[in-house]
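Good morning, and thank you for joining this group meeting. I would ask you to look at the sequence and the structure for a moment before we discuss them.

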Amino acid sequence: MRAILLTLFLLTLLLVPATAVQARPPLNGYVLWVHDGDTVDVLTYDLSTVRVRLYGVDCPESDQLHGLAATLFVVWEAWLRKVEVRVMDRDRYGRSVGWVTVDASRKSLNHMLVEQGHAWVYKQYCRARECAVLLRAEDVARQARLGLWQDPSPMPPWEWRRLKRSERWSW
């Protein structure tokens, strides 16, 4: 029985592509540009620029209430600072989606945004085990009425975007 299990295990390793077994190496560089609360450009050490969408969070849009505060928070915490990006995925716009750790504090920018009340956990897309920590941080920020949670009923950005799309098509 052990020989059969060992054989099946070895066959599985042979059939799984090598890219699935190996983790992607992190991107290292400096935050060169802050587009909004959840999107930054990172200048890597090989002088390429990578647009990074922060994994698991959704900040208010730039023209939405609290959008500027989220953007300024990211500027304050990360602009021109050394970061490490653990890429989780690529989105439909071609951006790398990942966890961004700011070297100076060794904290996740994703977590800091939620913890300070500048972002929602993007439950629809947040599937990593770290998302449980983000959800707890969101609850704490909400109870403490930090950032956007000062508003009695803040509008999530996904609803804001849907509303803006419907306004554009209803003339």
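This is a predicted model: local features need pLDDT of at least 70, side-chain atom pairs count only at pLDDT 80 or more; totals for chains, interfaces and linings use all residues.

The protein contains six helices and eight strands. Read from the N terminus, its elements follow the order α-α-β-β-β-β-α-β-β-β-α-β-α-α. Of its 171 residues, 39% count as buried.

Where does Arg92 lie? Its place is the loop that links strand 5, residues 82–90, with strand 6, residues 96–102. Arg92 counts as exposed because its relative accessible area is 76%, and the cut-off for exposed is over 50%.

The loop between strand 5 and strand 6 also holds Asp91. Is Asp91 buried or exposed? Asp91 counts as buried, because its relative accessibility is 18% and the limit for buried is under 20%. The side chain of Asp91 is in polar contact with that of Arg95, at 2.6 Å.

Finally, I turn to Gln124, which is located in the loop between strand 8, residues 120–121, and helix 5, residues 131–144. Which side chain does that of Gln124 contact? The partner is Tyr125, through a polar contact of 3.2 Å between the two side chains. Gln124 and Val57 are 67 residues apart along the chain, and 9.9 Å separates their C-alpha atoms.

Key:
Residues are numbered from 1 along each chain as its sequence is written. Side-chain values use heavy atoms; hydrogens and water are left out. Helices (H or I, at least four residues) and strands (E, at least two) are DSSP runs, numbered from the N terminus. Buried means under 20% relative accessible area, exposed over 50%, partly exposed in between (1.4 Å probe, protein chains only). A polar contact is a pair of N or O atoms within 3.5 Å; within protein, one must be able to donate a hydrogen and the other to accept it, and residues adjacent in sequence count only if both atoms are side-chain atoms.
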